[in-house]
Amino acid sequence: MTSLKSEFLRVLTERRYIHQCTDLEGLDALAAERTPFAAYIGFDATAPSLHVGSLVQIMMLRRMQQAGHKPIVLMGGGTTKIGDPSFRDESRPLLDEARIAENLAGIKRVFAKFLTFGDGPTDAVMVDNDEWLSKLNYIAFLRDYGRHFSVNRMLSQDSVKIRLDREQNLSFLEFNYMILQAYDFVELARNHGVRLQMGGSDQWGNIVQGVDLGRRTADVQLYGLTSPLITTASGAKMGKTASGAVWLNADARSPYDYWQFWRNTEDGDVGRFLRLFTEVPEAEVARLETLEGAELNDAKKILATEATALAHGRDEAEAAAETARRTFEEGAAADSLPKVEVARDTIAAGINVYELLVQAGMASSNGEARRLIKGKGVKLDDVTVTDEFAKLTEVSGAGVKLSAGKKRHALIVAG
């Protein structure tokens with residue numbers, strides 16, 4: 001780490017973002033130059049929001065900009081029409097152009113929280129690969145670029161090989177994905193001066209193909225850098241929970257619920273997540289990760305507040321932290337808890353508590369909700385619900401606090 005010349009790679013190394021690099025020494029020399037260089041990461045529009053599984057990549061772009069370089073956010077309006085087959089057992093559902101446009105609009109909102117956009121030399125730029133992919137002439141593209149790809153090599157890539165080894169179908173449409181991703185790299189190099197592509201470790205093979213294509217067709221030295229696959233200490237995939245994905249957009253997951261996700265981090269992940277997902281200084285991270293017992297919970301609160309401040313703003317993060325303090329330390333049903341509005345007529349007729357758990361996102365099905373109740377894990381206004389078929393028939397003006405376990409709460413209000 002001390003031998004690195006560039007601030008960009010020193011920070012990425014210290015904060016443990018780097019998994020692989022095509023030429024670390026060459027990239028370090030480029031990043032150490034006074035002239036800013038451009039790098040990109042691609043994001044396909046498969047949903048109306050990104051989730052925290054994409055947060056490492058977003059933070060890498062942020063770190064790059066802080067080091068004085070230019071981040072390019074590549075929106076995959078074109079590649080989404082095909083679907084990335086990487087490490088999937090089956091094809092992604094094909095989306096129509098209207099749904100892709102809707103998803104792109106939702107995804108774009110998150111980047112303004114992490115990056116500064118504009119026309120300056122280090123300001124971020126957002127582009128959409130549909131601008132050039134939709135205009136390609138198929139025969140001309142095959143002649144000019146297809147001849148540089150070895151099918152033997154493509155078949156040996158893990159993203160393809162694993163699918164074939166499992167005897168899962170890989171369509172010719174999906175097989176084209178890595179060619180188009182490599183072409184994106186060359187297109188961005190020619191028209192935006194991009195020299196580096198970053199991504200998750202599952203994108204390594206595709207990135208290397210782009211580096212090679214740049215050398216063959218544009219006579220340009222390109223670089224690739226990947227981050228490690230992020231899993232929790234227990235082995236769970238980052239960004240997935242029992243109640244679904246942890247979305248970055250506030251309309252998909254409230255700032256309070258986002259704060260709670262980080263607050264519930266496993267003990268063994270606190271230091272690593274502070275490095276990757278916050279800007280708490282390294283010396284303070286080193287101190288916090290040594291804490292134990294109740295003091296470690298304080299470190300988790302710092303992680304939750306700092307991570308939420310980046311995604312939703314400092315005010316929302318502080319409000320979420322205060323809501324949690326009032327809820328867990330004072331036992332209050334805070335007004336700022338996530339609200340579930342139920343029609344007054346429905347309440348008057350009686351609504352099952354297990355249905356409320358599903359509506360509040362505390363259970364994925366009625367069956368799961370009833371099992372929570374039978375396990376004595378559900379409370380209404382801090383009173384344990386003992387009957388799995390219990391109904392809520394009355395809600396005061398302030399609302400009724402619904403709790404699943406010690407850390408998940410919502411306010412049921414009459415609408």
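Here is a walk through this protein, from its overall build down to a few individual residues.

What you're looking at is a predicted model, so local features are given only where pLDDT is at least 70 and side-chain atom pairs only at pLDDT 80 or more, while totals for chains, interfaces and linings use all residues. Residues are numbered from 1 along each chain as its sequence is written, and side-chain values use heavy atoms, with hydrogens and water left out.

Let's start with the whole thing. The protein has 19 helices and 15 strands; these are DSSP runs numbered from the N terminus, with helices (H or I) of at least four residues and strands (E) of at least two. Along its principal axes, the C-alpha trace spans about 70 × 45 × 40 Å. A compact globule of 415 residues would have a radius of gyration near 22 Å, and the 24 Å of this protein agrees with that. That radius is taken over C-alpha atoms, and the globule rule is 2.2 Å times the number of residues to the power 0.38.

Of the 415 residues, 49% are buried, where buried means under 20% relative accessible area, exposed means over 50%, and partly exposed is in between (1.4 Å probe, protein chains only). Now take the contacts, meaning heavy atoms within 4.5 Å. Among those with a separation of 6 or more, 73% link residues 24 or more positions apart.

On to the inside. The largest nonpolar core has 68 residues, and those touching the most other members are Phe 8, Leu 55, Phe 111, Met 198 and Trp 262. A core here is a set of buried Ala, Val, Leu, Ile, Met, Phe, Trp, Tyr and Cys residues joined through side-chain atoms within 4.5 Å. Leaving aside neighbours within four places in sequence, Leu 55 is in contact with Phe 114, Leu 248, Tyr 258, Trp 262 and Phe 277. There's also a second, separate core of 29 residues, which includes Tyr 40, Leu 74, Tyr 177 and Ala 189.

Some of those names come back when we turn to the rings. The structure holds twelve aromatic pairs: rings of Phe, Tyr and Trp (its six-membered ring) pair if their centres lie within 6.5 Å, and planes under 30 degrees apart count as stacked, over 60 as edge-to-face and the rest as tilted. Tyr 145 and Tyr 183 have ring centres 4.9 Å apart and planes at 75°, so they are edge-to-face. Because Tyr 145 sits in the loop between helix 6 (138-144) and helix 7 (151-156) and Tyr 183 in helix 10 (residues 177-192), this pair ties together parts 38 residues apart in sequence. Both tyrosines, Tyr 145 and Tyr 183, are buried.

Tyr 258 and Trp 262 are edge-to-face too, with centres 6.1 Å apart and planes at 75°. They are four residues apart in helix 12 (residues 255-263), so about one helical turn separates them. Together with Phe 261, Phe 273 and Phe 277, they form one aromatic cluster.

Five strands form an open, mixed sheet in the order 9-15-14-11-12; two strands pair if DSSP finds at least two bridges between them. Strand 9 (339-342) and strand 12 (383-384) stand at the edges with a single partner strand each, so one side of each has no neighbour in the sheet. Strand 14 (residues 400-404) and strand 15 (residues 408-414) run antiparallel, joined by five bridges. In one of these, Leu 402 has Ala 410 as its partner.
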